[in-house]
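Visitor: I have a model open and would like to learn how to read it feature by feature. Can you walk me through it?

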Amino acid sequence: MFRKHHFIKISLTFLITTLFYLHSFAQNWDIPDDKKTKNANFKFTNQTISEGEAIYTKNCMSCHGNLGKDNSLKTLNPIPPDLASVKTQERTDGELFFIITTGRMLMPSFKVILSEEERWKLTSYIRSLNKKYVQIVSETNTSKSNLIKIKMDFDSLTNKLKVDVKANETSGVVSLKDAEVMLFVLRYFGKLQIDKTVRTNNEGIATFNFPKDLPGDKTGNVDLVVKVSDEIYGEVETQSKFKAGIPTDKPSLTEKRAIWNVLKKAPIWIIITYTSIVLIVGAVLLYIIYSLMKLRKLGNN
Ligand code: HEC
């Protein structure tokens, strides 16, 4: 009796866990309504499609395969769908844009890696095989982004960077409230995000805590990039230099003599060793030729 009871309990637990597991993977994307109806503010053309394709090849193909070829990476769970599939094509542009922007689990977020424009170009490429697709172009925020003015101010005492975001409307200057601001420092390998993404306050100001130990160049300068995205005004990026890092005197990889450098800047010991080997081998060769010639002479005699 006890055993039967036990068996039922275990089976139920197993069933519920399995269902929950399946559910969590098959779950649809939770996309806010205002994001679903978002549209690109430029028309998709052959040009945007081919630019989108290049971005796709670099960032998406490893998982999603070739568009329309159903050769995505099937070993992943969940399987990344072929983006030309009916299921994906039934989504709105806003949904595709949202998914590419935020990602979830194995599907990476491309918010930081790709600009808003690049993410829309990807959407244009994803649509390119769909003959029934008709684009809706957003008209509300066309080229409002060039009205945005960004001012950056670094306070070395508190180590805080203030970003002031305004828009120069014809009616006057307005502060951009609740705009998303991201701060990056430029490195050899790309952009490194600093602090969290911050939203501007009612005065249009976003404040970032700057790390105290960020290495700069010889004079402590760092190249900072600020990226602002606003629902109405769109997206802008600016770059400027600030004395906000620790002065670091690190010679560049090609400044000093090193084995990886060009011959003129190779380490002295390598030049000496190399030259000696060439000379010694040459001398030995000459000696051998000389000896052979001597042998022949002896033979002739
Ligand atoms: C590391 C592998 C990986 C990479 C790289 C990747 N994806 Fe995904 N993607 C996935 C997985 C896995 C899913 C399914 C996620 C889910 O349903 O939870 C997915 C889902 C999606 C979906 C939703 C499809 C649908 O209809 O449900 C879209 C759209 C998408 N990816 C676009 C892209 C784009 C565009 C890129 C390149 C910028 C990209 N992905 C790069 C793994 C990847």
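Guide: Let's go from the overall fold to the ligand, then the helices and the strands. Keep in mind that this is a predicted model.

Visitor: Now the ligand. Which residues come nearest to the ligand?

Guide: Start with the shell, then pick out individual atoms. There are 22 residues around the ligand, and Cys60, Cys63, His64, Arg104 and Met107 come nearest. By class, the shell has 16 nonpolar, three polar and three charged residues.

Visitor: Which side chains put an N or O atom by a ligand oxygen?

Guide: Thr88 is one, with a side-chain N or O atom 2.7 Å from an oxygen atom of the ligand. The side chain of Arg91 does likewise at 2.9 Å. Arg104, already listed among the nearest residues, has a polar side-chain atom 2.7 Å from a ligand oxygen.

Visitor: And which helices supply at least two residues of the shell?

Guide: Those are α4 (61-64), α5 (86-89), α6 (93-102) and α7 (116-126). The largest share, three residues, comes from α6.

Visitor: Then let's stay with α6. Is it enclosed or open?

Guide: For a helix, count the buried residues, then look at what covers them. Nine of the 10 residues of α6 are buried, so this helix is largely enclosed by the rest of the structure. The buried set runs through Asp93, Gly94, Glu95, Leu96, Phe97, Phe98, Ile99, Ile100 and Thr101. Their cover includes α2 (33-36), α5 and α7. After the helix comes Gly103, with a positive phi near 60 degrees.

Visitor: Thr101 is in that list. Why does Thr101 count as buried?

Guide: The cut-off is under 20% relative accessible area, and Thr101 counts as buried because its relative accessibility is 10%. Its side chain makes a polar contact of 3.1 Å with the side chain of Arg119. Not counting residues up to four places away in sequence, Thr101 touches Ser109, Phe110, Lys111 and Arg119.

Visitor: What is Thr123 in contact with?

Guide: Leaving aside neighbours within four places in sequence, Thr123 is in contact with Phe44, Asp93, Leu96 and Ile100. Thr123 sits in helix α7 and counts as buried because its relative accessibility is 0%.

Visitor: On to the strands. How do I read the pairing around β7?

Guide: Look for the partner strands, then the direction, then individual bridges. Strand β4 (residues 180-187) runs antiparallel to β7, and six bridges join them. Val185 has Leu224 in β7 as its bridge partner. β7 also pairs with β8 (residues 234-243), antiparallel over 10 bridges. One example there is Val228, whose bridge partner in β8 is Val236. β7 and β8 form a hairpin with three residues between them.

Visitor: Is β7 mostly covered or mostly exposed?

Guide: Mostly covered: eight of the 10 residues in β7 (residues 221-230) are buried.

Visitor: How should I read the nonpolar cores?

Guide: In soluble globular proteins, nonpolar side chains tend to be buried together. Here the largest nonpolar core has 27 residues, and Val163, Phe210 and Leu224 have the most contacts inside it. Elements giving two or more residues to this core are β1 (148-155), β2 (160-169), β4, β5 (190-199), β6 (205-209), β7 and β8. Apart from that core lies another, of 12 residues, among them Leu67, Ile100, Leu122 and Tyr125.

Conventions:
Residues are numbered from 1 along each chain as its sequence is written. This is a predicted model: local features need pLDDT of at least 70, side-chain atom pairs count only at pLDDT 80 or more; totals for chains, interfaces and linings use all residues. Side-chain values use heavy atoms; hydrogens and water are left out. A residue is near a molecule or strand if one of its heavy atoms lies within 4 Å of it. A polar contact is a pair of N or O atoms within 3.5 Å; within protein, one must be able to donate a hydrogen and the other to accept it, and residues adjacent in sequence count only if both atoms are side-chain atoms. Helices (H or I, at least four residues) and strands (E, at least two) are DSSP runs, numbered from the N terminus. Ala, Val, Leu, Ile, Met, Phe, Trp, Tyr, Cys and Pro count as nonpolar, Asp, Glu, Lys and Arg as charged, and the others, Gly among them, as polar. Buried means under 20% relative accessible area, exposed over 50%, partly exposed in between (1.4 Å probe, protein chains only). Two strands pair if DSSP finds at least two bridges between them. Contact means heavy atoms within 4.5 Å. A nonpolar core is a set of buried Ala, Val, Leu, Ile, Met, Phe, Trp, Tyr and Cys residues joined through side-chain atoms within 4.5 Å.
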